[in-house]
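Please keep the sequence and the model in view while reading.

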Amino acid sequence: MAEICVVGLGYVGLPTASLLASSGFQVLGIDINPELVSELQTGNTRLQEAGLRNLFSGAMSSGNLRVSTDVEPSNMFIICVPTPLTKDCNVDLKAVEGATTGIAGVLRKGDLVVLESTSPVGTTRNVVGQILRKSGLEPGDDFDLCYAPERVLPGNTVQELIHNDRIIGGYTPSAAERTRRLYERCCQGTISVTDDLTAELCKLVENTYRDVNIALANVVANVAEAAGVNAWEAIRLANRHPRVEVLQPGPGVGGHCIPVDPWFLVGAYPEQTDLIRQAREVNEFQPTRILNRLLDLSQGPCGNKLAILGAAYKADIDDPRESPGLALAAVAAEAGLRVAVHDPLVRGGTYQGFDVVNDIESCLEEATWAVLTTNHQAYRHLSSKIFLDHMSGRVIYDSRNWLNHDSLRLAGFRVLVCGVGEDISETYRLGRRAA
Ligand code: SAJ
């Protein structure tokens, strides 16, 4: 029998199960997707996470980790399933409910159940606890119940699982203590203990803070464009203040966490969360702003093909979920443009109705405009030649301030930069006024 059953073998569950197994626990990893489980049974994972392949295959070959589609009795259960948004921006708790229902079927007195999935305040006790009561057991009396949010940055998951501080929110203090002892076995960060409601709010505050901060950066970029100032330079200098840390503007906020989690607060507390909703709206509008600026400021029409460089939601990862590049593709297609999308890391295929290709030449071929949406290292030193050789138009929009603007301008391109007024971008170099 497994000591720990990890339910959900995705971006968080698989590294968590692997790490616990390599810390000496007998772990069973569960996923409802039979293809994923068959693939994992071979000891391979497709997840592109530094250190994960070795950690996972080592855990499998040690015999401490097994994977299956079926939940089994276990001393401890950790739920790591997705909590996406519905179309009308409400939380979809179906995966949490399904995972919990499975656990309720095998729950025994003395077990521990931990929810890690980002969830609205109250989910641990009112959803998970309530479903588990169907087992005839009472949380707090018969079994322990906790909320322990994951905090890992996709792309650096294994390192962050080991080194980040963690919050453990117990339905009861003793449940929190027990969970702290469990996580201490593989987490080297400081583990703080609180109640489940506070821990749930804490997780939502972390991602909302980042969303609001990026929205501020995007507003600064809009002001800078109107005022003829370079926002990147202004933010860099403002951040020299010891108590200021403004993030960076860009094409919007992607991924499966930051654009989603603030809605869990807005949905439940609409009257208290105007600021949070507005920040979401600012960030969601960025692709449309980019398109409008591009169409307003660019040269006369010489075609209608838009080449988008970057389908991953952020730099140097292969994940296209909620990506600003694909959001831009959608608004551009709606405006009647032909759209091509390139990414060096996202596996070639169709995402949200758009083909993502891995060869940049075909994406740029005969393009009227090119927009850089992801600051991948692979794009950092793109030569002006590749744009010259393939594009028919001569307008490039850099939404991440990432390309070599001087060399592109020398090659005859008009370069628009997010957060830099167009007239300014011609006369400023490295963010300073030209002599
Ligand atoms: N972004 C900007 N400007 C910035 C920073 C980020 O536009 O200055 C954009 C990125 O390009 C990307 C989006 O924001 O499109 C989100 O990327 P991210 O790196 O800020 O965050 P995620 O979604 O990859 O991971 C976040 C992290 N949360 C925080 O940093 C508070 C991570 O620690 C969480 O564990 C994760 O959400 C999660 O699973 O909740």
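**The ligand and its surroundings**

An oxygen atom of the ligand lies 2.7 Å from a polar backbone atom of Val-152, a polar contact being a pair of N or O atoms within 3.5 Å. The model is predicted: local features need pLDDT of at least 70 and side-chain atom pairs count only at pLDDT 80 or more, whereas totals for chains, interfaces and linings use all residues. Residues are numbered from 1 along each chain as its sequence is written, and side-chain values use heavy atoms, with hydrogens and water left out.

Glu-150 places a polar side-chain atom 2.6 Å from an oxygen atom of the ligand. For Gly-254, a backbone N or O atom is 2.9 Å from an oxygen atom of the ligand. Taken alone, the ligand exposes 770 Å², of which the protein buries 89%; these areas come from the Shrake-Rupley method with a 1.4 Å probe.

Elsewhere, an open sheet of mixed pairing is formed by eight strands in the order E3-E2-E1-E4-E5-E6-E7-E8. Its edge strands, E3 (65–68) and E8 (191–195), each pair on one side only. Strands here are DSSP runs (E, at least two residues), numbered from the N terminus, and two strands pair if DSSP finds at least two bridges between them. Strand E7 (residues 166–170) pairs with E8 in the parallel sense over five bridges, and Gly-169 stands opposite Thr-194 in E8.

The C-alpha atoms of Glu-39 and Gly-412, 373 residues apart along the chain, are separated by 50 Å.

Notes: Helix = DSSP H or I, 4+ residues; strand = E, 2+ residues; numbered from the N terminus. Polar contact = N/O pair within 3.5 Å; in protein donor to acceptor, adjacent residues only side chain to side chain.
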